[in-house]
Amino acid sequence: MKVQSAMFYFPEEVIEHIFSFLTHHPDRNTVSTVCKAWYKIERLSRCEVFVGNCYAIRPDRAAARFPGLRSLTLKGKPHFADFDLVPPDWGGLAGPWIEAMARSCPNLEELRMKRMVVSDESLELLVHAFPNFKALVLVSCEGFSTDGLAAVARSCKSLRELDLQENEIEDRGPRWLNSFPDMCTSLVSLNFACLKGEVNLKSLERLVCRSPNLKCLRLNRAVPVETLAKIMNQCPNLEDLGTGSLLADQFSEAYVSLISALQKCKKLRSLSGFWDASPLCLLAVYPICANLTGLNLSYAPTVQGQDFINLIQHCVKLLRLWVLDSVGDKGLAVVASACKELQELRVFPSDLFAAGPATVTEEGLVAISTGCPKLNSLLYFCHSMTNSALITVSKNCPNFTRFRLCILEPRKPDPATNEPLDEGFGAVVKTCKNLRRFSISGLLTDQVFYYIGKYAKALEMLSIAFAGDTDQGMTYVLNGCKNLRKLEIRDCPFGDGALLADVTKYETMRSLWMSSCDISLRGCKALATKMPSLNVEIINEWEAEMEENLNNGVAEVISNNNNKHINNGNDERKVEKLYVYRTVGGPRTDAPDFVWTL
Amino acid sequence: MEGQTQARYDAEVDNLKDTELRLGLPGSDEEPKKAPKKRGLEDSSVKAPAETGPTAKAQVVGWPPVRSYRKNSIQMVKKGGDQNNEKGGMLVKVSMDGAPYLRKVDLNMYKGYRELREGLDVMFKCFPAAKDEFAVAYEDKDGDLMLVGDVPWEMFITSCKKLRIMKGNEAIGLSSSP
C-alpha cells in the first residue's frame, strides 16, 4: 500500500520510464486500468498495439487512444475462414483502420495484418500517410494486387520489411519489383514466395545488390537457379532463404555457381521453398545443413524417400521442421534419430483425397516423440491414430504448448481397438501442463471434453470438429478451461443448452465460432439478449428457394433485404454459422447481407 | 424398385470409373481400391466411415483443415502446374429433404461419384432424417432435376449447379429410362 501511494508523487516521466520496461501487451493493458493518471500516461507512451479481433474496437477509438502508435497488429476474419467456411465479402477490411491511423497516428512504422482484406487503394494510402513507414507483414490476406505492392515499393523511403505469407495476390505483372527506387538500400527482409507470377529477374538482382542489410529473402517459384546463384553471391550474410525453383540440369554453370554461393553463406539458418527440387540441387544444400535451425519442405513434394533422408540426416541442429506426409514414417524415423533439438514439427498432407502407401501413421509420431523430447509444437495430418500412441507421445514429450492432430477421415476410431480417441487426447492434456493450443480429431465422445475441462488449465485455443455426443461436452470445456480465449467448433452435436450454459464466459474470451452444430435461432437470440457486450452474429446464406426443399414445417419465405434482424419466422430454425465475440465497438456497421447481428 | 435403381446406379458408377481421366505424380496410386462389395443405398447412411475401406475418404467443405493457398498448391502440382479455373473450387449447395439447413460441397475435392456419396454421408449423417433411404439428384444448367450418376464425372461437375438429397420414393420418377 505504501509503495503504491508513493507512485503518485513520481513525475509522469518517471512513471512513463517504468512503463517502458513493460513490453507484454497484457501487462500494459493492466496498468492502464489502475487509475486515470496511469491510463493517460500509458496510452500516450504506447508504441505497440495488438488487436486480436478487428471488430472488438472501432478503428477511430483505437487510433485516438494511442496517438504515439508505431506498430499495429490486426487480425480480421475468424480462423476457420482459412478453410473456406466464411463466405467472401464477410468483412475484415483494412481500409477503415489505415484511414483512422492516417488521421491520428502519424508515427506508424509497422503494420502486421492477418486474415484481412486489403485493397490497393489502402496500400497507397498507407505509404503516403506515414513518412516513417518501415515494415509491412501480411499473412493470409487478400484483396490486393501487385499494383499495390508497386505502390509500397515506390513510395517507402526507408522500407525495411515486406513480408507476404500465403496471401491471395492478384498478379498484374512483374513490374512491381522495378518500383523500388534506386536509392532504396534499406531492405532487411523481403518475402514474396506466395506470388504466383513471373518476376523481373534483372530488377531482383539489382535490388539485392543494393541491399547490404538483407538478412531474409524468400523468392517465389518463378525464380530459377541461375538467378538464385547470382543473388546468393551478392549476399553472403543471408540468414533466411526461400529458394525459388530448384530445378537444375546436371553440372550446369548455374548448378556449380549455386554450390559455391551456398558455401559462402555461413550465417544461413533457415531454408524454405525447394519448389521442383531436383536431387542434384539437394546435394548442393548438404554442406549448409549442419547449421540449419529451420527447414520448410512443405511445398516440395519432390523431396521424399531417400532424397529426404539424405538431406535431413545432416540437419542436426534443427529446431523447426515443416514437411509433407510423403516423407513417410520412415522419413520421420530418420528425423527422430538426427534432429535431437527439434522443437516444432509440422507434417502436411500431400494428397487431400485418399490414402497412398507412403504417408504417415502413428508410428512416425511415436518415433519422433521418442527421438525428440524437446518437441513442444506439433501439427500432424495423418490417416489414423491410436490411443496407445498418443499416450506414449505425451509421456515422451510433456512440454507441448501447441498440439494439433488432424486425422483425415472425420470420426475415425482407433483402428487397433475400434474405440474413440478420448483416452489418447486425454493423456495429452493430463501430461502437458503448458498446453495453450489444442486441435483434436477422430472419433471422440463427451469424455474427451471432460478431460480437457478438467486438466487443460492453460489452454487458450481449442479447435473441435466432428466430435462429442451431447451438450455436456461443450459445457465441460466452458466450465473448466479458465484461460480459454478462442473456441471454434464445427459439425458437432452441441445445441442451445451448451451455448447458454455459461454466457458470461464469452466475455472472458476473444471469440466463439460454431458451424454446422445443433443451435437454433432462439438460442442465439437468448445469448444476444443476455449479453449486450457481445456481438452475436449469424452467417446465413439462405435464400427463398431453400424453403421449397424443406418439409420440416418452416414454410415462410425470409425476406432478407437490408433486414438484419429476424423478427418473423420460426425461431426453432437451426443456425448454420455462429460467430460470437466481445466488443466495445457495438454491432458492425459494415456487415454484408448474409451476416445478421442479433 | 428402389433397390433396382441403386444397383443400376452402382453399376454405372463402376463403369464410369474406368473411363475417368486422372493425372497424378508418377508413382502415386490415385486409383482407390474397389470395395469388395457394392454398397446399397440402405447401407450408406448407417455405415461408419471406418468400415468402408481404407481408401474411402469423406470430403466436406473446409476439411481437411488446410489453408486454401496450400490446397491450391497441392492441386497445382497434381494437375501439372496450370492453375486453370479451379480457383475457389466448385462450391455447390446441397439440400437434404428434412434437414434444417443447407451445406456446401466443393465438387473439385472429389474424384468421382463414390467419394461424393461418401462425403455426403458424413455431412448429413447427424440429421435425424438421414435414417430413411435417399437418392442424390442435381439441378443442371437448364434447371432440370436429374439423378446423379448418369453422365461421366467430369461432365457432371461442370453442369451441376445444385445438389439435392431426396427421399427415395420421390426419386423413382427420376430414374433414367433406357
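Colleague: Let's start with chain B: which residue stands opposite Val92(B) in S2(B)?

Modeller: Val105(B) does. It's a predicted model, by the way: local features need pLDDT of at least 70, side-chain atom pairs count only at pLDDT 80 or more, and totals for chains, interfaces and linings use all residues. Residues are numbered from 1 along each chain as its sequence is written, chains are lettered from A and ligands numbered from 1 in the order in which they are written, and side-chain values use heavy atoms, leaving out hydrogens and water.

Colleague: What makes S1 (91–96) and S2 of chain B a pair?

Modeller: Pairing takes at least two DSSP bridges between the strands. S1(B) and S2(B) have 4, in the antiparallel sense, so they pass that definition.

Colleague: Why are S2 (103–106) and S4 (145–147) of chain B said to stand at the edges?

Modeller: The open sheet runs S2-S1-S5-S3-S4 in chain B, with mixed pairing. S2(B) and S4(B) each have a single partner strand, so one side of each lacks a neighbour in the sheet.

Colleague: What makes a set of residues a nonpolar core?

Modeller: Its members are buried (under 20% relative accessible area, 1.4 Å probe, protein chains only) Ala, Val, Leu, Ile, Met, Phe, Trp, Tyr or Cys, joined through side-chain atoms within 4.5 Å. The largest such core has 189 residues, and Leu295(A) is among those with the most contacts inside it. Helix H12 (279–289) of chain A gives the largest share, 8 residues. A second, separate core of 38 residues includes Phe381(A) and Phe124(B).

Technical notes:
Helix = DSSP H or I, 4+ residues; strand = E, 2+ residues; numbered from the N terminus. Buried < 20%, exposed > 50% of the residue type's maximum accessible area, 1.4 Å probe, protein only.
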